[in-house]
Amino acid sequence: MRKKSIPYEQLAIIYNQVMRHVNYSHWARYIAAVMQKQGAPGEKILDIGCGTGEFVHEIGNLGFSADGCDPSASMLKNAQLKNPTRKFWLDQLPELIHTQPQNYATITCLYDTMNYLQSIPVLLQAVQRVYEFLLPEGLFIFDVVSEEFCRNYFHEVDEKEILDTKYAYVRESYYNKAKSEQINQ
């Protein structure tokens, strides 16, 4: 019998194993290069949707000061363990009601977090809210998964893996072209 839970609360236990294909070090170097090229007005970063703090850790290794927020307490617990000197708190787009004004030079929102914003009004609300936390000339760097990517890599895909003696995971994915909607279970 499957049990429903808050998104990512149960996944936090195995998230880093499931996401091991992501080269966080490469992403950190790329974001640092974008910041340098675009003239980010400082080194203070907020990572929205920070998950287990892998990006915060890697960008910190490059000398940046990064904090993070995420809607999953379990993910944040792992992030804090990995980055004990950094600040993490519960929050999410579009509201960011628990995020305190810090005047960030750069705000990142990586690994598909923006894809959870499911309408243009909600997306605009999120961008406006992010803007309120940026220094003048600050940068908002985010990624999104395209419809083409969903059709090519997540339509009728089943992944199954035994991770160790305690954990296994199954993900069933399909793309509903009529609704432009990616479904993962």
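Which order do the 3 strands of the open sheet have? I found β6-β7-β8, with antiparallel pairing.

Source notes. The model is predicted, and I kept local features at pLDDT of at least 70 and side-chain atom pairs at pLDDT 80 or more, while totals for chains, interfaces and linings use all residues. Residues are numbered from 1 along each chain as its sequence is written, and side-chain values use heavy atoms, without hydrogens and water.

Sheet. I took helices (H or I, at least four residues) and strands (E, at least two) as DSSP runs numbered from the N terminus. Two strands count as paired if DSSP finds at least two bridges between them. I listed β6 (157-162) and β8 (181-184) as the edge strands, each pairing on one side only. I looked up β6 against β7 (residues 168-176) and found 6 bridges, the two running antiparallel. Glu161 has Tyr169 of β7 as its bridge partner.

Helix α2. I checked the length of α2 (residues 24-38): its 15 residues should span 21 Å at 1.5 Å a residue, and the end C-alpha atoms are 21 Å apart, which agrees. The expected span is 1.5 Å times one less than the number of residues. I then listed its buried residues (under 20% relative accessible area, 1.4 Å probe, protein chains only): Tyr24, Ala28, Ile31, Ala32 and Met35. Seen down the axis of α2, these fall within an arc of 100°, so they line one face of the helix; the arc is that of the directions from the axis to the C-beta atoms. On the face turned away I noted Gln36 and Lys37 as exposed, that is, over 50%, with partly exposed in between. Just after α2, Gly39 has a positive phi of about 70°.
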